[in-house]
Amino acid sequence: MAFELKQNLKLSQQLVMTPQLQQAIKLLQLSRLEMVDMINQELEENPLLEESILEDFPEEEAPVENDTLMSLPGDEIKAVEHATEITGEGDGREEFDWDNYLEDYGPVGTTYETRPDDAPSWDNLLTKAPSLTDHLMWQLKLSYFTPEEMRIGEQIIGNIDQNGYLAATLDEISGQEKVDPAAVEQVLLKIQAFDPPGIAARDLRECLLIQARILGIHNTLIERIICEHLKDLEIKNYALIARKLKVSLPEVMQAVTLISNMDPKPGNAFQDDRVQTIIPDVYVIKSGNDYKIVLNDDGLPRLRISNFYREIMGGLEGSREGEPGKRYIKERVQSATWLIKSIQQRQKTIYKVSESIVRFQKDFFNKGISCLKPLVLRDVALDVEMHESTISRVVTNKYMQTPSGLFELKYFFSSGISTSGGDAIASKSVKEDIRKLIAEENPKKPLSDSEIVDRLAISGITIARRTVAKYREMMNVLPSSRRKKYF
């Protein structure tokens, strides 16, 4: 068989990831804070982009409400029935319509004016709580230590983890400071008397014993339970502890009460748990029997293309020396135009997806989580005539403020579980039913997973015991043996 070279013509279609399409996809999946950072970066890099403020508009053209984002006018977004995806077609070399592109872009939909009450507390922004290391170093400097002990103490404090436990061995610290391990032991005992109680312990047993000593508890039963029966204490097998120690159950219960008030992680009190404020991308407002979608444009810069460069372009016309400058300005205009169009499309897409979610989950907004319906990305994709991957990008890191609270858009998507009546119920609704059953149970006789299955069956929800166990673990709920309270 002979081989020969041939030329063939083949017509095919393929998606080309143009820079414009890549930019549109990137914008779509950005969170609100990332979006603001990206816009500010573009403002720094592209001289043709500028941020407009309310004073830039003539009085008759000024927006009625907040004017913080570039996009389509409010009436236009409401009239959009089918938001299409950006395909990135075209090579970006079209002639520019300056009169069109140099105009300002109004806000998308109805803007929302943030109330001062919604802003984070000034205390949360301007204050800084001392860290665990700062607190311990402050006590170390107020205590009497020799220079050598001070060095050892600093080394010990530097090796205490966020839970308050010593993460290095005495040999490692003594080798680092070139001192005797006995000297390190002496300094460690002094630091273990610092606040918070139980600090610088090497394990849980030592942590609890330090707290018992600081509290002035001289009870051999408590010490024996801590040293010998922590595993039984964890699973609340108090009867076995009483039998092994040959004491009565009430005595064990009294000791357990004291141990339960101790802190197994003394360093947690100094964790940086500052409140992280989430700014919603969409507001859902009830209006009569219906719900309105309001995009939150507050805090997003409003962009426009600078008019100053139109004058420069006019001065460069017909000049051969000005060709490089003219070409640069055109490239920057292309970049700015695509950025503004991409942001417009992003806002339109979020609006359409949010509108679709509200339509599908209207019972949830009216009656609560028990009426949350099963919903997958394909359902919304078909409704808004977009691809599932586009919907996935839209619902990532986007939040919706509803009359029932603040939810991530992903929250409204969940798998379904069939009921005895033939209907389907969302898995999140089943989790909520399980949570309510556990919250209402008798603490001295908690419900087992099998009993929860029976209770759900009465409500028409048929699921396996292992499913209940899986949902319980997802909600960080302990099994019945560890939820049981004896007092």
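Buried denotes a relative accessible area under 20%, exposed denotes over 50%, and partly exposed lies in between (1.4 Å probe, protein chains only). The model is predicted, so local features need pLDDT of at least 70 and side-chain atom pairs count only at pLDDT 80 or more, whereas totals for chains, interfaces and linings use all residues. Residues are numbered from 1 along each chain as its sequence is written, and side-chain values use heavy atoms, with hydrogens and water left out.

**View 1. Salt bridge between glutamate 185 and arginine 202.** The closest N and O atoms of this pair are 3.6 Å apart; a salt bridge is a side-chain nitrogen of Lys or Arg within 4 Å of a carboxyl oxygen of Asp or Glu. Glutamate 185 belongs to helix H9 (residues 181-191), and arginine 202 to the loop between H9 and helix H10 (204-214), 17 residues apart. Helices (H or I, at least four residues) and strands (E, at least two) are DSSP runs, numbered from the N terminus. Glutamate 185 is partly exposed at 24% relative accessibility, as is arginine 202 at 36%.

**View 2. Salt bridge between arginine 304 and glutamate 50.** Here the closest N and O atoms are 2.7 Å apart. Because arginine 304 lies in strand E4 (residues 303-305) and glutamate 50 in strand E1 (residues 49-51), the pair ties together parts that are 254 residues apart in sequence. Arginine 304 is buried, at 14% relative accessibility, while glutamate 50 is partly exposed, at 25%.

View 3. Arginine 435 is partly exposed, with a relative accessible area of 40%, and glutamate 432 is buried, with 16%.

**View 4. Contact of helix H20 with helix H21.** The axes of H20 (residues 427-439) and H21 (residues 449-458) come within 11 Å and cross at roughly 115°; axes are lines fitted to C-alpha atoms, for helices over the stretch in contact, and angles run from 0 to 180 degrees between N-to-C directions. Contact (heavy atoms within 4.5 Å) involves Val430, Asp433, Ile434, Leu437 and Ile438 of H20, together with Ile452, Arg455 and Leu456 of H21.

View 5. Leucine 245 is buried, at 8% relative accessibility. Not counting residues up to four places away in sequence, leucine 245 touches Leu221, Arg224, Ile225, Glu228 and His229.
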